[in-house]
Amino acid sequence: MLDINLFRKNIREVAENLARRGFVLDVATFERLEAERKDLQTDTQTLQSRRNTLSKQIGIAKGKGENADALMAEVGGLGDQLAKHEARLAALQKELRAFLLTLPNLTHASTPSGKSEADNLEVRRWGTPRVFSFTPREHNELGEALGLIDFETAAKLSGARFSFLKGGVARLHRAIAQFMLDTHTQKHGYTECYTPYIVNSETLTGTSQLPKFEADMFSVKKGGAEGEGETLYLISTSEITLTNSVADTIIPAESLPIKLTAQTPCFRSEAGSHGKDTKGMIRQHQFEKVEMVQIVHPQKSYEALEELTRHAEAVLQALELPYRVMALCTGDIGFASAKTYDLEVWLPGQNTYREISSCSNCEDFQSRRMQARFRNAQGKPELVHTLNGSGLAVGRTLVAVLENYQREDGSVDIPSVLQPYMGGMTVISSAK
C-alpha cells in the first residue's frame, strides 16, 4: 500500500509514476475524500474546543452557584455532533484505505519504461543452448512416451491444468526441490520453513493478493463451530506466509536481514489465462515452488534484490540450464513490485525462453499493509522492505531438465548435482 502522505504532498507525481504502468489514478476521488476528511477534522477540532470552553464555563458557573443548565445542554448537543463526526471520519478512513488498496506500487526509477513484455530489457545471459542432432521434443511428449507423466489420469481426477507424475519423473521432481532447499539453506543463508497452505483474508491483504486478485485464488469454507462459514484461501505462493510471518511486529534492527525459504504447493486459478499453455506443465492450477523471502533494512533492499536474483541463478547454473535475466518494464511488472528481474530458462522443445523465476523488491508496499517494522538508529519504528523470489518453480525446472537433458531415444539424463538425490540414478528411461 502506498503512503498516503505521498498523495497529500504531490499527487501529480504519484499519478505520473502510476501512468508509467498504464494505470490511471482517480485523482478526483482521492481529492474528494481528502477534502471531506480535512473539513471533518477541522469541524471536529472546533467542536472539541467549544466543548472544552463550555466545560470550563460550567465549572465556573457551578462554583458561583449559578444555573448551568443551558451550558450543559449545549455540551450535550456538541457531544452528539462529535459522535456523528467521529463515525463519519472512521468511515472516511476506511474509504481512503480501500482506495489505496486498489493501487499498485510505484516503480523504481531503474525499472525500464514500456507497455508490455515486449518492452522488457535483457540484462544478461548465461549458458549456451545445446545443439541437438535430432529434433528435441517438448516435456509432455517425453513424459507421456516414458509413461511417467499422465495428464489423462490428472484430468479424470481434477480437470484441466493438473499433472500426475510417476516413477523416475516423480522422484526427479522431488530431487529438484530438495536440491533447491539445500542450496538456499546451506550456501545462501536462508532458514527453511514449513508454513500453512491455507490462510485468511487478512494475510492475503498483507502481501497484496487481496482485494485486487481474489479471482486468482482458490477459496475454501471453514466448517465447524469455530469460524463457521469463514472464507479461507489456498496459497498461490509461500511468499504469502513467509512475508506475513513478520506482520504486526517490530523487529530488532540487529535481526535484519531475515532470509526465509520454503517448499510448498501453489494453487492458482489462472484467471484470464484461457487458451494459454494448455499443454503440459507450464501453467498449472497446482504446482510446487521453492520460495525465497528477505526482510531487510530499507537502505539495503536494492543490494538484496541483486543478491536474491543471484541465488536463483545459482540453481540454474548448478543444473547447467541456459537462461537469461530480464528486467521487467513498467507495463509488465507485478502489482506489488517496484523492480523485478525475471529469469527465463531455455526450453529446446519449445525453442524459446520461458519464465522460471521472478525476483522482486516490493520496498515498503507490503510492510505498510502488514505493519512490519524495525527500530531505526533513533529508536523509532520504521517500515522494513520486503523482497521475494522463486528459487525456483519446481515444475518448470523439471520441464527444463527433461527438455535440455533428453536423448534421441526419449530417455533423459539426470544432471550430476541431482544424482545423489536420485539414489545414484543417472538416466530415466522407462516407467520405473
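Arg-354 has a relative accessibility of 18% and therefore counts as buried (under 20% relative accessible area; over 50% is exposed, and values in between are partly exposed, with a 1.4 Å probe and protein chains only). The model is predicted, so local features need pLDDT of at least 70 and side-chain atom pairs count only at pLDDT 80 or more, while totals for chains, interfaces and linings use all residues. Residues are numbered from 1 along each chain as its sequence is written, and side-chain values use heavy atoms, leaving out hydrogens and water.

Arg-354 belongs to strand S11 (residues 352-361); strands (E, at least two residues) and helices (H or I, at least four) are DSSP runs numbered from the N terminus. Setting aside residues up to four places away in sequence, Arg-354 touches Asp-277, Ile-282, Leu-343, Glu-344, Val-345 and Leu-347, where contact means heavy atoms within 4.5 Å.

An open sheet of 8 strands with mixed pairing has the order S1-S9-S10-S11-S14-S8-S7-S2; two strands pair if DSSP finds at least two bridges between them. Strands S1 (121-126) and S2 (191-192) stand at the edges with a single partner strand each, so one side of each has no neighbour in the sheet. Strands S7 (residues 258-267) and S8 (residues 286-296) run antiparallel and are joined by 10 bridges. Lys-259 has Gln-294 in S8 as its bridge partner.

The largest nonpolar core contains 51 residues; such a core is a set of buried Ala, Val, Leu, Ile, Met, Phe, Trp, Tyr and Cys residues joined through side-chain atoms within 4.5 Å. Helix H6 (residues 167-186) gives the most to this core, with 8 residues. A second, separate core has 25 residues, including Leu-2 and Phe-99.
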